[in-house]
Amino acid sequence: MLQAEIKSNDLIAGIKKLKNEIKELKNELKNTQSKSVTPINEEIIGDTKLIVSVVENGDLKKIVDDNKNANEKLAILLLQIKDDKVSIVAGSKNTNIKAGDWIKEIATILGGSGGGRPDFAQAGGKDINKIEEARIAAITYAKKNLI
């Protein structure tokens, strides 16, 4: 019965083949996600790069980390709709914006909650219809606190 399920008379060989297929699919998914990142809107406020954007695809945490590594002064907040919920990730580097405080304020607009450290925070929200309102509020918050 197991041989039929694995489509091989040699169970060990069949399991190894399935494990390799899973590994290949994971790598393919990872590559696809990193290549299909939505263009991100950014602006410079004083000497700080501000990024607040709704991202359709990609790993939000990786995008935040990559941008933090590439910029000396950065405030970044990304929103993404996934499975009828909104994921929010924020980061701050060498600014007076605390990512945890910023994300808490934005998550409440989306009927959610979250938090984190001053340099990185994550949250989730339930109301995908308010994603544009949350994006605008995140920009307003950042501009007010970057001055």
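## Sheet architecture

Nine bridges link strand 3 (residues 74-82) and strand 4 in the antiparallel sense; strands here are DSSP runs of E with at least two residues, helices are runs of H or I with at least four, both numbered from the N terminus, and two strands pair if DSSP finds at least two bridges between them. Within strand 4, Ile88 is the bridge partner of Leu79. Helix 5 (residues 131-146) packs on the sheet and touches strand 1, strand 2, strand 3 and strand 4, where touching denotes heavy atoms within 4.5 Å. The direction of helix 5 makes about 170° with that of strand 2; axes are lines fitted to C-alpha atoms, for helices over the stretch in contact, with angles from 0 to 180 degrees between N-to-C directions.

The open sheet comprises six strands in the order 1-2-3-4-6-5, with mixed pairing. Strand 1 and strand 5 (113-116) stand at the edges, each with a single partner strand, so one side of each lacks a neighbour in the sheet.

## Basis of the model

The model is predicted: local features need pLDDT of at least 70 and side-chain atom pairs pLDDT 80 or more, whereas totals for chains, interfaces and linings use all residues. Residues are numbered from 1 along each chain as its sequence is written, and side-chain values use heavy atoms, leaving out hydrogens and water.

## The hairpin of strands 1 and 2

Strand 1 (residues 42-45) and strand 2 (residues 48-54) pair in the antiparallel sense over four bridges. Glu43 stands opposite Leu50 in strand 2. Two residues lie between the strands of this hairpin, and Gly46 takes a positive phi near 65°.
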